[in-house]
Amino acid sequence: MCSQDIPRGVTALPSPDRRRFLSSAGIVGGAATIAALTGCTTDVGTGEDRMSPDSAIIQHTYTGLSERSESLTLRQLVETTDAAAPDNRLRGTHRMLWDIGTRQPYVALSFDDGPDPRWTPQILDALRAAGAKATFFMMGHNVDRHRDLARRVRDEGHDIGNHTWTHQDLAFQDPASARNEIMDGKRAIKEVLGIDTTYFRPPRGELSGAVMRILAEEDYDTFLWSVSRNVPGVGTPELVADHVLERLRPGAIIDMHDSIGRGNFLPRGDRTRKLLTASRDVDAAAVPAILQRGMAAGLQFVTMTQLLEAAEDPGAITPSTPATENLPHGPTTQVPREVAS
Ligand SMILES: [Zn+2]
């Protein structure tokens with residue numbers, strides 16, 4: 001279904017029809033719209049090297065196109081959607097965020113893949129010592145295995161999001177399997193922590209159009225990131241802290257890890273596991289310096305909820321990125337091209 005026909009058809013339509021099509025298909029968005037239309041895989045996770053400054057938030061709204069409409073031509077789809085208007089109910093809206101525009105000196109640290117006894121307590125201690133909050137995108141499988149640790153994260157006031165059940169790359173899953181990964185993660189967090197998650201981070205930042213639709217139906221916002229460790233190899237805590245701090249701007253979302261995700265499940269992954277473990281050791285050791293030096297520069301480390309509350313226009317497709325006095329400013333997406341970790 002990854003033919004170029006549909007995107008070309010969309011751009012070839014006269015603008016009233018194009019607007020009608022986009023609105024009838026229920027899709028409002030930018031860079032990821034083509035993937036949403038075609039079901040093609042899109043790698044949207046690497047905010048640092050892929051997104052332009054005006055793409056920090058993309059909002060998609062999905063209405064109830066029937067499954068059969070996916071096999072129709074574009075022209076048939078436009079005509080059919082009008083005829084089927086009574087069934088065209090709203091399926092859901094979700095936002096995709098790399099960072100936000102805000103006048104507050106807020107940044108959001110986030111940790112993926114945990115909870116994990118090796119790293120999560122160390123990171124929680126550092127956050128507590130600094131009086132800082134963060135967001136943990138947990139794997140359902142780890143929540144189920146480390147229940148007390150998951151409860152500690154919740155009880156210390158951090159936000160909790162869903163990072164699937166076993167860290168499958170959703171871009172390579174059929175829609176039914178992807179839905180299971182998302183829903184099993186959601187259920188584990190609900191069962192152990194009593195939290196109905198509405199924040200989602202896809203493993204490796206990879207999504208398909210089908211997954212974006214599932215997320216909209218399940219009332220999830222997708223949080224990607226504008227800053228990550230991006231240090232080659234294992235690195236050192238100093239290098240990781242320097243890299244992150246050089247790129248921090250108000251509104252930034254920082255992606256770090258408190259476990260090793262898919263590395264937990266690789267059948268013959270000893271070498272990978274060792275490298276990832278060493279890398280996570282370095283990242284966890286960098287957290288105190290990131291917190292201390294960031295706070296010394298005037299930044300506050302907040303949860304995703306607090307970051308969203310401070311957004312100039314949290315539903316905007318094009319958020320503003322205003323200057324903040326005495327702080328580094330500008331869009332966090334304007335950074336050198338690098339390979340994401
Ligand atoms: Zn992950």
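Predicted model: local features only at pLDDT ≥ 70, side-chain atom pairs only at ≥ 80, totals over all residues.
The chain it belongs to has 13 helices and twelve strands, and 55% of its 341 residues count as buried. There is also a zinc ion, held by Asp 113, His 163 and His 167.

**Helix α12**

- α12 covers residues 270–296, which makes 27 residues.
- From first C-alpha to last, α12 reaches 40 Å, close to the 39 Å expected at 1.5 Å a residue.
- After α12 comes Gly 298, with a positive phi near 100 degrees.

**The zinc site**

- Which atoms hold the zinc ion? They are OD of Asp 113, NE2 of His 163 and NE2 of His 167, at 2.0 to 2.1 Å.
- Along the chain, these donors follow the spacing D-x49-H-x3-H.
- Asp 113 sits in the loop between β4 (106–112) and α6 (120–130), and His 167 in the loop between β6 (159–162) and α9 (175–193), so this pair ties together parts that are 54 residues apart in sequence.
- Asp 113 is buried, because its relative accessibility is 2% and the cut-off for buried is under 20%.
- His 167 counts as buried too, at 8% relative accessibility.
- The backbone of His 167 has a positive phi of about 65 degrees, although the residue is not a glycine.
- The loop between β4 and α6 also holds Pro 115, which is joined to Gly 114 by a cis peptide bond with omega of about 0 degrees.

**Helix α9**

- α9 has 19 residues and spans 27 Å from first C-alpha to last, close to the 27 Å expected at 1.5 Å a residue.
- At its start, a side-chain oxygen of Asp 174 comes to within 3.0 Å of the backbone nitrogen of Ala 176.
- What do the buried residues of α9 pack against? They pack against β5 (135–138), α7 (140–145), α8, β6, β7 (199–200) and α10 (209–217).
- Those buried residues are Ala 178, Glu 181, Ile 182, Met 183, Gly 185, Lys 186, Ala 188, Ile 189, Val 192 and Leu 193.
- Gly 194 follows α9 and has a positive phi near 70 degrees.

- Glu 156 is in the loop between α8 (147–155) and β6, and with a relative accessible area of 15% it is buried.
- Its side chain makes a 2.7 Å polar contact with the side chain of Arg 152.
- Another polar contact, at 3.4 Å, links the side chains of Glu 156 and Arg 128.
- Setting aside neighbours within four places in sequence, Glu 156 touches Leu 124, Arg 128 and Lys 133.
- Lys 133 turns up again among the contacts of Thr 303, which, outside four places in sequence, also include Ala 134, Thr 135, Gly 157, His 158 and Asp 159.
- Thr 303 itself is in the loop between β12 and α13 (304–309), and it counts as buried at 5% relative accessibility.

**Other spots to look at**

- Is Arg 204 buried or exposed? It counts as exposed, at 56% relative accessibility.
- Arg 204 lies in the loop between β7 and β8 (206–208), and has a positive phi of about 60 degrees without being a glycine.
- Asp 242 is in helix α11 and is partly exposed, with a relative accessible area of 28%.
- Asp 242 and Arg 229 are 13 residues apart in sequence, and their C-alpha atoms are 9.4 Å apart.

**The chain as a whole**

- Among contacts with a separation of 6 or more, 82% are between residues 24 or more positions apart.
- The chain exposes about 14600 Å², and carbon and sulfur atoms supply 50% of that.

Terms used:
Residues numbered from 1 in each chain as written. Heavy atoms only, no water. Donors = N, O, S within 2.8 Å, 3.2 Å for Na, K, Ca; no water. Helix = DSSP H or I, 4+ residues; strand = E, 2+ residues; numbered from the N terminus. Buried < 20%, exposed > 50% of the residue type's maximum accessible area, 1.4 Å probe, protein only. Contact = heavy atoms within 4.5 Å. Areas by Shrake-Rupley, 256 points an atom, 1.4 Å probe, with all protein chains shown as cover. Polar contact = N/O pair within 3.5 Å; in protein donor to acceptor, adjacent residues only side chain to side chain. Expected span 1.5 Å × (residues − 1).
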